[in-house]
Amino acid sequence: MRLLILSDIHANLEALEACLAAAPVHDRVVNLGDVVGYGASPNEVTDIIRDLGSLHVRGNHDKACSGVMSAEWFNQQAAFAVIWTRDMLTFTNRQWLREMPQGPIQDGAIPRVTFCHGTPIDEDEYMMWPGDALTADYNVSTPITFFGHTHIQGGFAVVGNSPDTLRVKVPESGELTIALDDGTHYLVNPGSVGQPRDGDNRAGFALFDTAAQAVTFYRVPYDFEAAARRIRDAELPERLATRLAVGR
Ligand code: ZN
């Protein structure tokens, strides 16, 4: 099975459309959460991912923007975007976001894999460092975990008690494949579609081929200026527009 894995779309329609146009042939679409928040196209992206995805995990912004949790732990720009998004969402989309399932999630048709937004223990926590990955690996029953939330493409490989960062730098060509070894555990972040923070302004996603046991990371250039224009037109915080150009 070929799984197209999308995460942290963050209401960026231009980035989502570019990723879908560049996506290779796949059987299912997995959405690791944070469909909305920050960007200016919350209804457009929710409409698309709702129909496309067959496995969804909610993110912290999905919870806040649909009223499942308050925005009190968000920084000021994020909180502003939460309140704006709440006002913009249609009833149907708010309801759908509100009902997105909480991770970690496993699917009978995809053995040996766990899907979550933050970590398998806490959907709101960041998996940033090898130590975080080791803790996560202790607490998950599968050798492979896909997660989001950090907006940093790559992840970790764990052999025994030794976690290592998977350094992913997708070249100009736009793709990079990693073959998964038996006996190694992997915690993989497909990258952020709508607000990359790893210094690469191209939209990120991944494809997991279960038969080949390989993950391909993709980066796709998109019209970030158009996305930034929409953010400015919506009078969302300026920094949410400028950060798209630098991928931070
Ligand atoms: Zn996010």
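The model is predicted, so local features need pLDDT of at least 70 and side-chain atom pairs 80 or more, while totals for chains, interfaces and linings use all residues. Residues are numbered from 1 along each chain as its sequence is written, and side-chain values use heavy atoms, without hydrogens and water.

Six strands form an open sheet with mixed pairing, in the order β3-β2-β1-β11-β12-β9. Strands (E, at least two residues) and helices (H or I, at least four) are DSSP runs numbered from the N terminus, and two strands pair if DSSP finds at least two bridges between them. At the edges lie β3 (55-56) and β9 (175-179), each pairing on one side only. Strand β9 runs antiparallel to β12 (residues 214-220), joined to it by five bridges; T177 stands opposite T216 in β12. Helix α2 (residues 42-52) packs on the sheet and touches β1 (2-6), β2 (28-31) and β3, contact meaning heavy atoms within 4.5 Å.

The zinc ion is coordinated at 2.0 to 2.4 Å by D8 (OD), H10 (NE2), D34 (OD) and H151 (NE2). Donors are N, O and S atoms within 2.8 Å of the metal (3.2 Å for Na, K and Ca); water is not among the atoms, so sites may look incomplete. Along the chain the donors follow the spacing D-x1-H-x23-D-x116-H. D34, in the loop between β2 and α2, and H151, in the loop between β6 (144-146) and β7 (154-159), are 117 residues apart and link distant parts of the chain. D34 is buried at 1% relative accessible area, and H151 is buried at 2%, where buried means under 20% (1.4 Å probe, protein chains only).

Methods:
Axes fitted to C-alpha atoms, helices over the stretch in contact; angles between N-to-C directions. Buried < 20%, exposed > 50% of the residue type's maximum accessible area, 1.4 Å probe, protein only.
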